[in-house]
Amino acid sequence: MAKGVKPRIKVPKQASAGEAITIKTLISHKMETGLRKDADGNKIPQSIINRFTCDFNGSNVVDFDMKAGISVNPYFQFEAVVPESGEFKFTWYDDDGSVYEKTKKITVS
Amino acid sequence: MKISRRNIVVLGVSAFSASLLPFNLLAQSDGQSAEDIIKEFTGGANIGSGDIMLTTPEIAENGNTVPISVESKKATAIKILALGNPGPDVVTFKFGPLSATRSASTRIRLRKTQDVLAIAKLEDGSFIQDIKKVKVTIGGCGG
């Protein structure tokens, strides 16, 4: 597992049914492009987060495929509709095989 | 184990293919041209214009982190390409059934002043695009 990886998520705690809610996510990750060279002139191998998904109660909200062109500490903002109370599940997939998961609950009135 | 001539041949072949493997992987991630990436995404279909809005800063002082956002109301997927980057493929946004507005914001790297292209795949299977030029003061790909 890469060092210092910490996901942060902003989801409103409450919403009304069918309302579009804004979700912001950020995960700290160095996103090594594979283009940089170290002090000895050797290429530093690519090490990025290559996929991010967000699901709500098992239904997909978004699925992002990322390449090295995404900045350090990948940030995403998108919108979701929630039909009922439940749980968002956020998943990040690292090049090194690690998977980072986080969940957030939301109450729909 | 006695090393026969056949064994040596087999060893040689496997060593050779093993040495090729990393290069193949590299070629896939870096060697693709923008045209290839677009073709792969659209399947060679014509790309029109329409309801797609790509928002970028006109001038990006720091190419390491350039905020962009894109919106296209009937899109199922939106691909972002940075045409002047060593690897033009940046990100593909795919929207599921619970996605509200088909919009997304993120931050990307830009090596130099270049065009950023967004291609949306719509629900009816057609494709539309929007292109924006971004001036970059300090490049963002290291090196």
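Which side chains meet in a salt bridge (3.2 Å, N to O)? Those of B:Lys94 and A:Asp65 do, a salt bridge being a side-chain nitrogen of Lys or Arg within 4 Å of a carboxyl oxygen of Asp or Glu.

The views show a predicted model, in which local features need pLDDT of at least 70 and side-chain atom pairs count only at pLDDT 80 or more, while totals for chains, interfaces and linings use all residues. Residues are numbered from 1 along each chain as its sequence is written, chains are lettered from A and ligands numbered from 1 in the order in which they are written, and side-chain values use heavy atoms, with hydrogens and water left out.

**View 1. The interface of chain A and chain B.** Contact (heavy atoms within 4.5 Å) links 31 residues of chain A with 28 residues of chain B. The area buried between the chains is about 2400 Å², and carbon and sulfur atoms give 53% of that area; buried area is the accessible area (1.4 Å probe) that two parts lose on being put together, summed over both. Two salt bridges are counted between chain A and chain B. On the side of chain A that touches chain B, strand 5 of chain A gives the most, with eight residues.

**View 2. Strand 5 of chain A between its two partners.** Strands are DSSP runs (E, at least two residues) numbered from the N terminus, and two of them pair if DSSP finds at least two bridges between them. Strand 5 (residues 59-66) of chain A runs antiparallel to strand 4 (residues 49-56) of chain A, to which six bridges join it, and A:Asp55 has A:Asn60 as its bridge partner. Two residues lie between these strands in the hairpin, where A:Asn57 takes a positive phi near 45°. Strand 5 of chain A is also joined by five bridges to strand 6 (residues 89-95) of chain B, again in the antiparallel sense, with A:Asp65 standing opposite B:Thr92.

View 3. Leaving aside neighbours within four places in sequence, the residues in contact with B:Lys79 include B:Ile37, B:Phe41 and B:Leu117.

How values were computed
Helices (H or I, at least four residues) and strands (E, at least two) are DSSP runs, numbered from the N terminus.
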